[in-house]
Amino acid sequence: MANLILILGDQLTPVISALDDADKSSDRIVMAEVHDEASYTNHHKKKLVLLFSAMRHFAQRLQDDGWDLHYQRYHPDNKHQSLEAVIADQVHAFKPERIVTTECGEWRLHAQISEWHKTLGVPVEIRPDSRFVASKQEFADWAEGRKQLRMEFFYREMRRKTGLLMDADGKPEGGEWNYDADNRRKWTGKPAAPAPFRIEPDATTRAVIELVDEHLSDHFGTTEDFHFAVTAEDAEQALAHFIDFALPCFGDFQDAMSDDEDWLFHSILSPYINCGLLDPLAVCEEAAQAWYRGQAPINAVEGFIRQIIGWREFVRGIYWLHMPDYARENRLGNTRELPWFYWTGDTRMRCMHKAIDATRRNAYAHHIQRLMVTGNFALLAGVKPEDICDWYLAVYADAYDWVELPNVLGMVMHADGGYLGSKPYAASGKYIQRMSDHCSNCHYKVNKSTEDDACPFNALYWHFIDRHRDDFAKNPRMGMMYRNWDKQKPERKEALLQRAEQLLINIEQL
Ligand code: FAD
Ligand code: DLZ
């Protein structure tokens, strides 16, 4: 029986389920760089380079290993511009008994592939993606009957299931499940943040950089200073670099932001985990071993593992439980278009400028920049979820719909009515001041609220609180905010709301 096996650009591992029981002597693998996948959003140029180069390296590895593999390189004039067209052509040439693939991570493509058995006239076997700890069904079973889903409880299940940081009696190592309270230190330059891991582009990557610069030059960002790993071996080195140099401080400074440092103590591993170059559980196991060896404290290691087997698995579960309706949610009724400075970084708000500029240069910004700066601003300004989701999907090297959408639509925009998070992560400039040194370099003054040079986050925060009273006043976690707002003098409230209205009218000039 000859199978045609499709491997997608984010499935770059020999343990992908599509290859289970595959037969080198009869099956053919197909991988394709296609226009439709490269252009369904304004993908950052570095994401395109990462994926195309990693795909080419992985295909070479499979061919060296003896596989019959058809590979299409990107060219704007290719006859086949979609995965379906490439597969249809291969079905015609190879006449397989069936097509085998691993379920993909995006509803958009999943909906297409689910129809291929009809459009291509060949059976299509779509296998579960075994790279996740929880299957879609397992998550659905856990979620069933719960009105609100809380990551913390799901995370504990994942700790039990994987045994990560669990002692012999089935108790969490160190006595606590969660050390988040210890992970909120501001970073003032000490200890020095490690230089990020870098790999210099090889000939394959340089060819892809040329291709992207020539044919995909209208995409966001830059290919300059591309230094991501593009093979599993190099991604392993990136992991080792993180464990040795950044993990020990990951916990303490997890929520910190800096005017000078783009990466701080973050792992910068999501681009590799999401495209298959690193296995998420193996990554967690390495981190756990660092704690057992005494190389990193428990607040760092637990915090890191929680992000992967907790948040990462949790958002994926929510995505598949509620798509495609989830993508259309807009419970706060937002209508504002995304301000243009999200694409240019051209704003006098220092924290926004820094986060967007890092995003433009690196196809990366760390979690707190995404959540509490660019995300927080979009929430306070009432940007349409659709617009801000598309921005996040485009600009990061790790962005795929299954992980981007719940983080943006649910966690940041609260557009799902609080299904994913119990309260919106809305914050004034004070939060940014507390966690960073941006404010001291900012045109706007964080300790002012109503004046012309006052930090926009301050008035916008109160405007958000005021305009969403019906949505949040009864939320027990928001009660204090409403009491604070109600305590303010009417003239003060009026001045804050007026300042916010002016900011919103002139939003493009901020
Ligand atoms: P670290 O801070 O070192 O964290 C370790 C790992 O934990 C990450 O590599 C990632 O695999 C995982 N992780 C951490 N937080 C989350 C989370 N909330 N959801 C899922 N995984 C998590 N992550 C993506 O992988 N793709 C996205 O498109 C994406 N979009 C986001 C959009 C917004 C608005 C927000 C608030 C978060 C988003 N995240 C996304 C989650 C998180 O910000 C990134 O995973 C993280 O910044 C990646 O950098 P890192 O590898 O240095 O992470
Ligand atoms: C993101 C992406 C890009 C830019 N290009 C390709 C491609 O040319 N070929 C491919 O197989 N996959 C690509 N991908 C990933 C897919 O668009 C999609 O996001 C994932 O496969 C979903 O799991």
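**Ligand shells, fold and strands**

Analyst: The shell around ligand 2 holds 10 nonpolar, three polar and four charged residues. This is a predicted model.

User: What makes a residue part of the shell around ligand 2, and which are the closest?

Analyst: The cut-off is a C-beta atom within 6 Å of the molecule. For ligand 2, 17 residues surround it, and the closest are Leu-8, Gly-9, Glu-37, Cys-104 and Gly-105. Helices α1 (35–39) and α2 (45–64) each give at least two residues to this shell.

User: Why is Gly counted as polar and Cys as nonpolar?

Analyst: That is how the classes are set: Cys is listed with the nonpolar residues, and Gly falls among the others, which count as polar.

User: Which residues come nearest to ligand 1?

Analyst: His-266, Ser-267, Ser-270, Gln-307 and Glu-404 come nearest, out of 28 residues around ligand 1. Two or more residues of the shell come from each of α11 (270–275), α13 (298–322), α16 (367–381) and α18 (401–412). By class, the ligand 1 shell has 15 nonpolar, nine polar and four charged residues.

User: Which domains supply the shell around ligand 1?

Analyst: Domain 2 (136–194 + 246–322) and domain 3 (341–509) do, with at least three residues from each.

User: How do you know whether the radius of gyration agrees with that of a compact globule?

Analyst: Set the value against the rule. The rule is 2.2 Å times the number of residues to the power 0.38. For 510 residues it gives a radius near 24 Å; the chain has 24 Å, so the two agree. Along the principal axes, the C-alpha atoms fill a box of roughly 80 × 55 × 50 Å.

User: What share of the chain counts as buried?

Analyst: Of the 510 residues, 47% do. The test is 20 or more other C-beta atoms within 10 Å of the residue's own.

User: Why is strand β4 called largely enclosed?

Analyst: Strand β4 (residues 98–102) has five residues, and four of them are buried, so the rest of the structure largely encloses it.

User: What makes β1 and β4 a pair?

Analyst: Pairing needs at least two bridges. Strand β1 (residues 3–6) and β4 have four, in the parallel sense, so they qualify. In one of the bridges, Leu-6 has Thr-101 of β4 as its partner.

User: How many bridges join β4 to β5?

Analyst: Four, and β4 runs parallel to β5 (residues 124–127). Here Thr-101 stands opposite Ile-126 of β5.

How values were computed
Residues numbered from 1 in each chain as written. Chains lettered and ligands numbered in written order. Predicted model: local features only at pLDDT ≥ 70, side-chain atom pairs only at ≥ 80, totals over all residues. Buried ≥ 20, exposed ≤ 12 C-beta atoms within 10 Å, placed from the backbone. Domains from an automatic or database assignment.
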